[in-house]
Amino acid sequence: LLVSAVEHGVLVVCVTARADTSPGEGINLAIDRLTDGVTHIWILHDDVEVRRDSLTCMLREASRKPHPDVLYPTLLKPARHNYPEFIDEQGQSVSTGGARVLPVVDRGDIDQKQADPGPILGGSTAGMFVRVDVWRRLGGFDPALPLFRDGVEFGWRANEAAWVVRTGRRCTLHLRPAGRGWPRESHLAPRPDVTARRAGRRMVAARSGRPP
């Protein structure tokens, strides 16, 4: 589909990589091909369903004061016919033990565009919207976290560097968590549950004076 889109002029270029390339390395390959004047990158996973107004909403939120440098959208659970839109997450935090924490979402929350944008530690990379110069100055994702928690860790470092990290809670995408939710052939995470727990603990331990 991507190669066909390039042939029809819909996309400028399609960059390919090996199957064992981490998401962060893949993004760097694409950034190396960027032309001058590109200010932001929008990270989309293969299990994300983008709405027609998703990009417009992200651009609108990025242009509003305090002009976020890193922006995380609202991720909705997979759409079901005749069911309301259930919120999966609106940014993430992390517990002292490295567990994934969803600070503003209760189980069964329905998306009614009720939440305003706000500061957050980090979030999923699915739909993450980030300024190119911030990505470059922070060095992209941490190679020590090749998969899972990379978006939270990136947001954490951006916060420490005094960049503006916020949620675009009225900007929504549907996410079907293929990597985290069910078995999927992966060179990086044959056991996604174990890989996710290890990544969370590694992230917390790296910032703790007395790692648990």
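1. Is Phe148 buried or exposed? Phe148 is buried, because its relative accessible area is 15%; buried means under 20% relative accessible area, exposed over 50%, and partly exposed in between, with a 1.4 Å probe and protein chains only. Phe148 sits in the loop between α4 and α5. Its phi is near 75°, a positive value in a residue other than glycine. Helices (H or I, at least four residues) and strands (E, at least two) are DSSP runs, numbered from the N terminus.

2. On the basis of these notes: this is a predicted model, in which local features need pLDDT of at least 70 and side-chain atom pairs count only at pLDDT 80 or more, while totals for chains, interfaces and linings use all residues. Residues are numbered from 1 along each chain as its sequence is written, and side-chain values use heavy atoms, with hydrogens and water left out.

3. The loop between α3 and β3 deserves a look. Lys65 and Pro66 are joined by a cis peptide bond, with omega about 10°, and Pro66 lies in this loop between α3 and β3. His67 belongs to the loop between α3 and β3 as well, and its phi is near 50°, a positive value in a residue other than glycine. With a relative accessible area of 40%, His67 is partly exposed.

4. The largest nonpolar core has 18 residues, and those with the most contacts inside it are Val70, Met128, Val130, Trp135 and Phe154. A nonpolar core here is a set of buried Ala, Val, Leu, Ile, Met, Phe, Trp, Tyr and Cys residues joined through side-chain atoms within 4.5 Å. At least two residues of this core come from each of α2 (23-31), β3 (70-76), α4 (132-138) and α5 (150-160). The most is given by α4, with four residues. A second, separate core has 11 residues, including Val94, Leu121, Leu145 and Val204.

5. Which residues does Phe154 touch, leaving aside its neighbours within four places in sequence? Phe154 is in contact with Val70, Met128, Val130, Val134, Trp135, Leu138, Gly140 and Phe141. Contact means heavy atoms within 4.5 Å.

6. In α2, the buried residues are Gly24, Ile27 and Ile31. Seen down the helix axis, the buried residues of α2 fall within an arc of 60°, so they line one face of the helix; the arc is that of the directions from the helix axis to the C-beta atoms. These buried residues of α2 pack against β1 (40-42) and α4. Ser22 is in the loop between α1 (2-7) and α2, and at 11% relative accessibility it counts as buried. Neighbours within four places in sequence aside, Ser22 is in contact with Pro146 and Leu188.

7. For α3, the buried residues are Ser54, Cys57, Met58, Glu61 and Ala62. They are on the same side of α3, because they cover an arc of only 135° around the axis. Their packing partners are β1, β2, β3, β8 (129-131) and β9 (165-175).

8. Asp53 is in the loop between β2 (48-50) and α3 (54-63). Asp53 is partly exposed, at a relative accessible area of 47%. Asp53 and Leu173 are 120 residues apart in sequence, and their C-alpha atoms are 9.9 Å apart in space.

9. Ser93 is part of strand β5 (residues 93-94). At 22% relative accessibility, Ser93 counts as partly exposed. Setting aside neighbours within four places in sequence, Ser93 is in contact with Ala99, Arg100, Val101, Pro103 and Leu121. Ser93 and His40 are 53 residues apart along the chain, with 23 Å between their C-alpha atoms.

10. What lines the second largest pocket? The lining residues are Lys77, Phe86, Ile87, Asp88, Leu102, Val105, Asp106, Arg107 and Gly108. They divide into four nonpolar, one polar and four charged; Ala, Val, Leu, Ile, Met, Phe, Trp, Tyr, Cys and Pro count as nonpolar, Asp, Glu, Lys and Arg as charged, and the others, Gly among them, as polar. The second largest pocket has a volume of about 190 Å³. On a 1 Å grid over the protein atoms alone, a pocket is an open set of points where a 1.4 Å probe fits, with protein on both sides within 12 Å along at least five of seven lines, and lining residues have an atom within 4 Å of a point. Grid points are joined across faces, edges and corners, and a volume is the space filled by probe spheres set on the points.
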